[in-house]
Amino acid sequence: MAAPAEVHRVPCSHCRSEITVTEQYAHGDHIKCGSCGTKHKVVRGDRVRLVIADVGPMKDALVQNEQLVQRLEAELSHARGSFGIGVNGIGIAVIYALYQVTRNEAPLGKDLLWSAIGVAVASGLLLEAVNYLFLAKRKAISRFSEELEEARSEGVLLRQKIREAGRV
Ligand SMILES: [Zn+2]
């Protein structure tokens, strides 16, 4: 061949450091990463690529990833499921207050005013407490959602790599 030797620099699929793929590497040949030692197979398609030769560790990682996704899904649905409790508490408090007022038929006057203020303060404190729990829960939900999304895209990437490696 008269053309100058073709040299490709392809990032290692594990550590991302560059692996030099010279012309002598044919499609399907094995090449090792100089930095981390991960073995790859050379893919010569419309461009030169590298896929991981030994998919065993990736399959293990995928199993772990699937477990993580399942755990996060469970935690997320648990966090979402316990959302209604605080709101129910307010509803019960309101029903209780209404019940007290209608049943006891307190006479109009100072006593009623003071008890009304008492109810307002108590329900205000309750609302604050619920609001605090609500925010904490919302934070937990958004954190679980984020982690779940990350884990899912990681799983997609792993599956893709395993599929690619299987084709060579
Ligand atoms: Zn590497």
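Which residues make a nonpolar surface patch of about 440 Å²? The patch is made by W114, I117, V121 and L125. Patch members have over 30% relative accessible area and no salt bridge, with nonpolar side chains (Val, Leu, Ile, Met, Phe, Trp, Tyr) joined within 5 Å and like charges within 9 Å. A salt bridge is a side-chain nitrogen of Lys or Arg within 4 Å of a carboxyl oxygen of Asp or Glu. Areas come from the Shrake-Rupley method with a 1.4 Å probe, and for residues only the protein chains shown count as cover.

This is a predicted model, in which local features need pLDDT of at least 70 and side-chain atom pairs pLDDT 80 or more, while totals for chains, interfaces and linings use all residues. Residues are numbered from 1 along each chain as its sequence is written, and side-chain values use heavy atoms, without hydrogens and water.

The protein has three helices and five strands, in the order β-β-β-β-β-α-α-α along the sequence. Helices (H or I, at least four residues) and strands (E, at least two) are DSSP runs, numbered from the N terminus.

L125 lies in helix α3 and is exposed, at 58% relative accessible area; exposed means over 50%, buried under 20%, and partly exposed in between. Helix α3 (residues 110-167) also holds E146, exposed at 56%.

R16 sits in the loop between β1 (8-11) and β2 (18-21). R16 has a positive phi of about 70° without being a glycine.

Key. Buried means under 20% relative accessible area, exposed over 50%, partly exposed in between (1.4 Å probe, protein chains only).
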